[in-house]
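Open the model in a viewer and keep the selection tool at hand. The stops below say what to select and what is there.

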Number of protein chains: 2
Amino acid sequence: MSGDPARHPPPPSRTPTSYDVAQRAGVSQSAVSRCFRPGGSIAPETRARVLKAARELGYQPNAIASGLKAKRSNLVAVLISNLTNLYYPEVLAGLTRQLNARDNRVLLFALETEDEVDAALDQVWRYRVDGAIVAARLSAPQLRAFQRHRVPVVLYNRWSDGSDPVSSVCCDSPGGERMLVDRLLAAGHRRFGLIAGPEDNTVGRSRIEAARTRLEQAGLTPVVAGGSFDHDSGAQGFRRLMMANDGAIDAVICANDLMAIGAIDAAREDFGLDVPRDVSVVGFDGVGPAAWASYRLTTVRQPVNRMTEAAVGMLLERVADPDLPPEVRTLTGTLITGASARLG
Amino acid sequence: MSGDPARHPPPPSRTPTSYDVAQRAGVSQSAVSRCFRPGGSIAPETRARVLKAARELGYQPNAIASGLKAKRSNLVAVLISNLTNLYYPEVLAGLTRQLNARDNRVLLFALETEDEVDAALDQVWRYRVDGAIVAARLSAPQLRAFQRHRVPVVLYNRWSDGSDPVSSVCCDSPGGERMLVDRLLAAGHRRFGLIAGPEDNTVGRSRIEAARTRLEQAGLTPVVAGGSFDHDSGAQGFRRLMMANDGAIDAVICANDLMAIGAIDAAREDFGLDVPRDVSVVGFDGVGPAAWASYRLTTVRQPVNRMTEAAVGMLLERVADPDLPPEVRTLTGTLITGASARLG
DNA sequence: CTGTTAGCGCGTTCAC
DNA sequence: GTGAACGCGCTAACAG
């Protein structure tokens, strides 16, 4: 007598379970279970009946219960610091896209400070995630905790400074800096200033070290100013470099784009300089704003898509086979010839 | 004979359960459970023994199992589109911070296109999240699905265009635009151009409508160009406005900061104009780059922290009491008097 | 305050 | 191909 139940699903008093579906379809609960699991042997006809009943009831398999039984939550923890850092949103978008495409959900932990890591890890263990991707600084004990808990982990643009090898995917800093430095040298720049990232950041350090090394190979000694990866510190760094050198700077190499943009702003605003006529500025990352008309930054763009793809791939491989040895994958960025540097 | 087990925890062959802890502490399993639950009645001394055993075993309560039993996963789904849109990272950081502080985890769904919503929602139901915060466009049926599944939802900077009322937290568009328009009018601007957001975006539309209305109240008829919230479309919009008006534009009001920045870039680059001497440009949001020296954008800053706080608060209230009626909370932004507009 | 007991919803043997 | 039965690890009554 009532209308089509598919169009007017009866408001269930509680969320339907596989038993409800089984009853409605006239099969056993385990048959329902097999319907929703890949590779479950089930007759096409039964399957159709079950799916119909499921649809009518608005049934969705309970991933929580399923995770309990199967010991596989299909959850991947993503730990990421400095979400507001302009470069990570793209990374995060890439990671979630890749993970979702491969049937995993993202449990996000956005860290604001280092001391939040332990609390986040506690939750990571509690939720029995299948694995983790970490774009944040991890101490040696924290890294060991992953082993103890048998949770595969892949570091993103970080690597273990300690002895324990850990899987990671990084953008090649030395390679990228070499491209930049060589082109700047070829254009005749000789007096270099470097603006570094936070001291405890391995990526930032490796970039600055790589640039410095390359310059020293060319017989030059750059001046270095500290920074913290943000716009302001780039501007400040530029001012300090100028002060320290009486304005005798040809080119400024920054540990990331955001600081490079800050440096350009300072050059124009505080010193009335023209970029790149008076001074060349280069960065690293290839973030969106770097391409804006006001900057047209010369930089190295990280292959974010390939990197996130690699990270997710490596992680899921290790979820499937926990005994796979750690692996470090280094991808090379591409030089973006903007207009913020005179290049040779 | 062996060393301190706290320092050298025996590598457990499998992750320890509450039973293992119970055995080691010489208590029942339920005592262990109570130890880890707020308000569980347990003698301080027993509690200490249990916690010690737990530490020695490296035990962490299984949130999956707990969720199954308690029918509360402590998971909150966050659906967000355009993660790369420069404004959302801050929102996402705020939401996760608030949620974690209140003992909820974030299940993240970063949507790239509209048609990913349904797939995401399927997973939302499967994971039996306690609630959801949505910064993405939802259709009426999708909204109804939340009711059907009894999942409380709070919209972020969106609202239901349909009839069903839904809880939401928004930044006051009319109020913000009025501030901008009034100040621009007071400064003597008369020839206005507007650059809109995507047509299907309610926030963008409300901003442009509010600006237009206010201008019409003043007897003015602005010219409108379409846009899509990104830098390029802001630049294009500016060019179209100039073409359509033979350069006779005093002020450009953009539906967001990113487009305002694009407009400024176009004004300088393509028309050699000085901002704000030749033309005033204003935006909306208060994103980081808006404050950079090259732009110093005049804009309305959304009170992101208060907004995320409100969203999380409203959601968790409704998780605790699903019968609370929907509520719309509108917060007013603050005018940032930058240097991209001549103001009265 | 403590232990015993009974499920939560599903996956997985096993017989049939 | 199908169904009965059990248990994943935990919480919530309840009795002691």
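This is a predicted model. Begin in chain B by selecting helix H5 (residues 88-101) and helix H12 (residues 304-320), whose axes come within 9 Å and cross at roughly 45°. The crossing in which H5(B) passes H12(B) is right-handed.

Now show side chains at this crossing. From H5(B), select Glu90(B), Val91(B), Gly94(B), Leu95(B), Gln98(B) and Leu99(B); they meet Val304(B), Asn305(B), Thr308(B), Glu309(B), Ala311(B) and Val312(B) of H12(B). Coloured by class, the residues of this contact are six nonpolar, four polar and two charged.

Next, bring chain A into view. The contact between the chains involves 40 residues of chain B and 40 residues of chain A. On the chain B side, at least two residues each come from helix H4 (63-70), H5, strand S2 (105-111), helix H6 (117-126) and helix H11 (257-271). Which element of chain B gives the largest share of the side that touches chain A? H5(B) does, with six residues. The class count for that side of chain B is 19 nonpolar, eleven polar and ten charged residues.

Leu108(A) is placed opposite Val106(B) of S2(B).

Return to chain B for a sheet. Its four strands, in the order S7-S6-S8-S9, form an open sheet with parallel pairing. Strand S7 (223-225) and strand S9 (280-282) of chain B are the edge strands, each pairing on one side only. On average, neighbouring strands are turned by 20° against each other, direction ignored. Zoom in on strand S6 (residues 192-195) of chain B, which pairs with S7(B) in the parallel sense over three bridges. Here Leu194(B) stands opposite Val224(B) of S7(B).

H11(B) lies across S6, S8 and S9 of chain B and runs at about 160° to S9(B).

Finish by colouring chain A by confidence. The pLDDT of chain A averages 92, and 96% of its residues score at least 70. Select residues 1-11 of chain A: pLDDT stays under 50 there, and the model has seven contacts beyond four places in sequence for this stretch.

Technical notes:
Residues numbered from 1 in each chain as written. Chains lettered and ligands numbered in written order. Predicted model: local features only at pLDDT ≥ 70, side-chain atom pairs only at ≥ 80, totals over all residues. Axes fitted to C-alpha atoms, helices over the stretch in contact; angles between N-to-C directions. Left-handed = near helix turned anticlockwise from the far one by under 90°. Contact = placed C-beta atoms within 7 Å. Nonpolar A, V, L, I, M, F, W, Y, C, P; charged D, E, K, R; others polar. Pairing = 2+ DSSP bridges. pLDDT = per-residue confidence, 0-100.
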